[in-house]
Amino acid sequence: MPEPSPPESPRPEPPEPTAPHHRRRRIALRVALIGVLLGALTVGILQVDFTPDLSHLDVTVLSGAEGGRYHATVEALGERAADEGGEVHDVSTAGSMENLERLAADGCEAELALVQDGLDWTDAAPDAYRSLTLVARLPRAETLLFLGRDADLVSDFRDLAGMRIGAGPAGSGTAAVLEGLFALPGFEGLGVERVHGPVAEQLARARAGELDLAAMVVFPDAAIVERAVRDDGLRIASFARAEAVAAHLPGVRAGALSSGHFDAVAGVPSRDVSVLVVDTLLVAGPCAERSQINGVLSLLARELPGFVAHNREVPPPPRVATSEVAREFFENHGPPLVDQYLPRVVDVIPLSNAMTLVMAISVLFNVMSLMNRFRLWRLDARRHKLEDELRELFGGGITRKEIDLLDPDEVLAEEDARAKLADLVGRLDRLLERCRDYATSMLVPMGQEMVYRYQESLIVELLASLRRLQRRHERGARAAER
């Protein structure tokens, strides 16, 4: 019979992980978790587009008649703004004078407007025109054109004698320029009859011969001009003394249209034409905010080549206040960084005010630091003065640690010495309280309170030594009485 096999010994349990091993695992787990969180945060930041856009822009601009260049310019700005999340609302008007009146009126109907140069703003709004500021000039100027069936026979201003001329709608920019023109010396004798009405109507009347000429301040390549010249066969008047006349009209200068400007093959016009040229201005009303002005200027800089360079080179009209926001934009070739990334903040706190605030805070902190240093100096000087009086009381040359070695019966034998010591202890107590008050004062810069704690420790040590000396003297006096 086989012998039974011995029972198998139980397998030893694997040793439990040691404490250092647990710590290493926890540390590795924390490092991995922090790495995952940092990675997720990095990916999230990379997904955010920090490029400044015009999503903050919401502005209303008064332009001009539909189909005109003013209206087309503002409409193009609106399309470009929409691509960047902004909004430019184009409001059609009868022209520059209406734009000035509506821009200066109460109610903030609009923030900006396109206006032709050379207008007297005081006529637009006698009490409110001073609130209007010049923002920019468009790099392409408008032209004062005289169109008619036989306008090419006109070569000088004296040829206008006895003519019936369409002068644009009453109160329009065209009417204002013609009023200034025919108010010049010599023009009153020409016997010109000016007729006001819509531009399209006056062109039709000129085409029918009811008007000798139809005048308009317009961009030469506007659709209405191209149709009148190419399709309707109207001609353009030329003025040999345009430069001399422009010198007497504010905001007006002499210019020229080259032969074949409208049709180089057919030669339309058939000769070089001397004309009067008027700049187009962008004007801001009292309700225009800094971010709106910078936003529209940024759009114009992208839409119109040479816009910034033109405004840097051409001086502003001396009679019109210039926007400081626009001046800064042109000097920096764009808005400052804070205007790009924090436009709404700059609207609430203007940049100049923010700089003033920063300077004021800097001055305040410097004054607080100076006062803190003065307090610390006075505190240390008073402590030294008390220590000097203490040395005089005990014979001079004694340190705080040596006070514990003094014989109280010897140094405090006189009543006068005990009174002086009590006075010194009282003054040190008051100095200690002042030191503790200073340490918690708002004048103390963060982290500098430790200097006061050091002064406090010196005073506390000295007070402890002096009070021990007083107690030893009192115990000796009581023992002597018994």
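## Ground rules

Buried means under 20% relative accessible area, exposed over 50%, and partly exposed in between, using a 1.4 Å probe and protein chains only. This is a predicted model, where local features need pLDDT of at least 70 and side-chain atom pairs count only at pLDDT 80 or more, while totals for chains, interfaces and linings use all residues. Residues are numbered from 1 along each chain as its sequence is written, and side-chain values use heavy atoms, with hydrogens and water left out.

## Salt bridges within helices

The structure holds 27 salt bridges (a side-chain nitrogen of Lys or Arg within 4 Å of a carboxyl oxygen of Asp or Glu). One of them pairs E389 with K385, with the closest N and O atoms 2.7 Å apart. Both sit in helix α14 (residues 351-394), four residues apart, or about one helical turn; helices here are DSSP runs of H or I, at least four residues, numbered from the N terminus. K385 is partly exposed at 48%, and so is E389 at 22%.

R418 and E415 pair up too, at 2.4 Å from N to O. They are three residues apart in helix α16 (residues 415-439). R418 is partly exposed at 26%, whereas E415 is exposed at 52%.

## A link between helices, and a network

E456 and R436 form a salt bridge at 3.0 Å, N to O. This pair links distant parts of the chain, joining α17 (residues 449-481) to α16 across 20 residues. E456 counts as buried at 15%, while R436 is partly exposed at 34%.

Elsewhere, D117, R137, R253 and D279 are tied together in a salt-bridge network.

Terms used:
Helices (H or I, at least four residues) and strands (E, at least two) are DSSP runs, numbered from the N terminus.
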